[in-house]
Amino acid sequence: MKATLLGTRPRTAPGSRRANDGPSGPPGRLLRVRRSVPGWCYLAPAIGLFALFGWYPIFRGIQMAFQEDNLIDPPRWIGLENFRHMLTDPLLAVAWRNTIMWTLLSLLFGFAIPIFVALIINELRRGRGFFQMTVFLPSVLPPVVAVVLWKWFYDPDPDVGLFNQALGLFGLPAMQWLDSATMAMPSLVMQSVWAGSGGTALFYLAALQSIPGELYEAAEVDGAGFFRRVWHVTFPQLRYVMLVLFILDVVGSMQVFVQPYIMTGGGPGDATTTVLLLIFRYAFQYNDFGTAAALSLILAVVLAVLSAVYLRLTRKWAT
Amino acid sequence: MKLGFDPSDTAEAPPRGAMSPLALRRPGARLGYWTVFVLFTVAVVVAYIGPLYWLLVGALKSPKELAATPPTLWPGDPQWGNYDFAWNNLDIAASMTNTMFYAAGSVIVQVLVAVTAAFSLSYLRPMFSKPLFSLILVTLFIPGVITFVPLYATMVRLPLPGTEITLINSPLALWLPAGANAFNIFLVKRFFDRLPVELIQSAQIDGASSWQILWHVVLPMSRPILAVISVFAFIGASTDFLWSLLVLPDPGKQPLSVVVQRLEGEVRLTYLLAAMVIASIPPVLGFLFFQRHIIRGMAMVGLR
């Protein structure tokens with residue numbers, strides 16, 4: 001690209017070009033179009049990629065939900081048939097129940113830990129860099145490595161799995177972990193909390209570090225002890241971050257896939273079959289991309305509604 | 001989401017937290033502080049580093065020692081041959097090359113697209129750039145799940161009329177969707193918006209072309225944001241699993257993550273563990289080298 005781009009005449013400031021455009025009307029507009037060309041050239045890569053891989057798939061996803069599509073034959077419109085097919089699948093209710101269960105367990109185990117970790121790191125006088133690095137390290141591992149690693153830890157054989165070895169050291173009986181219908185889900189959740197909590201803690205830490213010290217000093221002058229300072233100064237300042245991370249946590253949890261896919265394959269029985277796992281099966285095992293798209297659409301709508309309601313409900317606390 | 005960032009932001013420690021610096025001088029408080037410090041250190045190290053240590057140690061054991069009860073904390077006779085075997089006999093060397101190739105391409109595409117788009121949105125501001133930016137941002141609020149299946153369909157056959165192009169088994173299937181990253185464009189545009197306008201104006205008066213302005217004025221000032229985007233792109237690309245699994249069915253083209261998952265249950269555990277350690281090296285090294293940028297990047301996302 002050459003020197004004609006935006007240097008045709010000096011501007012006073014970016015964005016003030018409109019003021020220099022002279023009288024509007026056909027000649028002015030033509031000039032504006034001509035001077036927009038370089039700007040569009042720079043945007044071309046982004047527009048091209050978003051058109052193909054950002055915007056088009058959203059449209060295509062909605063379209064596919066009402067089509068029969070195996071990606072080989074031309075797609076055929078079938079109205080609500082995909083949704084009907086999906087509703088007759090006995091696994092659907094199981095998958096939703098498991099997904100909601102996963103989300104609740106993730107919040108139960110996973111929501112408080114990052115806050116607690118961040119609070120302590122923030123109070124420490126030394127070693128913050130070390131702790132930041134340490135808690136974040138599991139989040140950097142390839143998810144496959146982290147998941148396969150824990151699958152090994154959960155091995156039911158007391159000579160193989162770390163957790164059963166540990167139980168053995170204390171004379172406790174070995175547990176089934178991933179092979180037990182009741183323990184499988186909490187086991188998967190523990191892995192995901194381990195892998196994810198450090199990253200979340202760093203978000204809280206960034207928020208904690210932006211709390212002005214004067215607030216604590218003022219509370220101290222007023223005679224508030226340590227715990228009251230945490231309760232009345234720190235938590236109110238964290239409220240906004242907590243509200244946002246809570247809904248991000250929910251939205252992320254509802255789309256869980258890697259843990260059940262690798263660790264249990266959805267089992268034992270169907271104990272860890274989640275909605276996304278079901279979508280994956282429709283699409284890539286049964287080649288039924290239409291039903292997969294229909295279920296994706298429903299999950300996306302549920303998440304959107306959930307987020308909208310949540311944001312509405314919490315708006316008055318958020319500021 | 002209020003996404004606040006000031007280029008002068010640093011991850012420096014604030015002057016104080018909830019704890020009173022004065023009260024810390026009292027012996028009782030000091031004892032409490034040190035107790036918490038030690039307990040916390042032990043808990044964090046055991047919980048977060050412990051599993052990684054166990055991976056590293058396990059990869060150095062013989063199968064017999066790996067099954068020993070009680071387990072040994074350090075291998076009696078470190079089996080460095082596990083790495084040798086994984087590297088040479090389990091396709092790990094080839095898939096490491098694939099991973100690095102995909103990650104490098106992903107970084108280049110993401111940086112290129114984000115910089116050119118943000119430069120145009122921030123400085124050139126052609127007609128319709130505002131609604132276009134809104135359309136780009138909208139993709140951030142669409143749950144990823146809705147595009148997962150149709151994006152795959154797009155890879156199987158690109159929606160370009162009159163063509164039959166497939167990106168399956170092509171590295172473009174990883175790079176191009178990665179380039180359509182609204183968050184990158186948002187972060188870079190925000191950074192550009194806050195650079196000193198005077199420098200760009202004086203370059204314009206000197207007759208510099210927009211390309212020269214971007215290359216010689218804007219980019220040299222933008223290293224921090226480029227580092228943040230690059231390191232996140234690198235870690236994201238070198239840890240990706242599901243998408244690579246779907247679009248790269250050819251085993252010879254698969255990256256480390258996919259190969260590790262394929263090897264699981266197929267090969268001796270000690271070899272698998274060694275392969276897992278190798279698969280962790282690229283993202284972990286990227287993290288350790290660019291740690292400051294990551295921490296700053298997370299502060300930049302600045303949910304406050």
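Guide: Chain B has 15 helices and 0 strands. Helices (H or I, at least four residues) and strands (E, at least two) are DSSP runs, numbered from the N terminus. This is a predicted model, where local features need pLDDT of at least 70, side-chain atom pairs count only at pLDDT 80 or more, and totals for chains, interfaces and linings use all residues. Residues are numbered from 1 along each chain as its sequence is written, chains are lettered from A and ligands numbered from 1 in written order, and side-chain values use heavy atoms, without hydrogens and water.

Visitor: Why is chain B called more spread out than a compact globule?

Guide: The radius of gyration is taken over C-alpha atoms, and the globule rule is 2.2 Å times the number of residues to the power 0.38. For 304 residues the rule gives 19 Å; chain B has 24 Å, well over that, so it is more spread out. Its C-alpha atoms fill a box of roughly 75 × 70 × 35 Å along the principal axes.

Visitor: Why are H1(B) and H14(B) called oblique to each other?

Guide: Axes are lines fitted to C-alpha atoms, for helices over the stretch in contact, and angles run from 0 to 180 degrees between N-to-C directions. Under 35 degrees is roughly parallel, over 145 roughly antiparallel, 65 to 115 roughly perpendicular, and the rest oblique. H1 (residues 27-58) and H14 (residues 269-289) of chain B pack at about 125°, with axes 8 Å apart. The pair is therefore oblique.

Visitor: Which residues of H1(B) and H14(B) meet?

Guide: Contact means heavy atoms within 4.5 Å. B:Leu55, B:Leu56 and B:Gly58 in H1(B) meet B:Thr270, B:Leu273, B:Met276 and B:Val277 in H14(B). By class, this contact has 5 nonpolar, 2 polar and no charged residues. Ala, Val, Leu, Ile, Met, Phe, Trp, Tyr, Cys and Pro count as nonpolar, Asp, Glu, Lys and Arg as charged, the others, Gly among them, as polar.

Visitor: Why does A:Asn287 count as partly exposed?

Guide: Its relative accessibility is 39%, so A:Asn287 falls in the partly exposed class. A:Asn287 is in the loop between H13 (275-284) and H14 (289-318) of chain A. Leaving out residues up to four places away in sequence, A:Asn287 touches A:Asp69, A:Asn70 and A:Tyr282.

How values were computed
Buried < 20%, exposed > 50% of the residue type's maximum accessible area, 1.4 Å probe, protein only.
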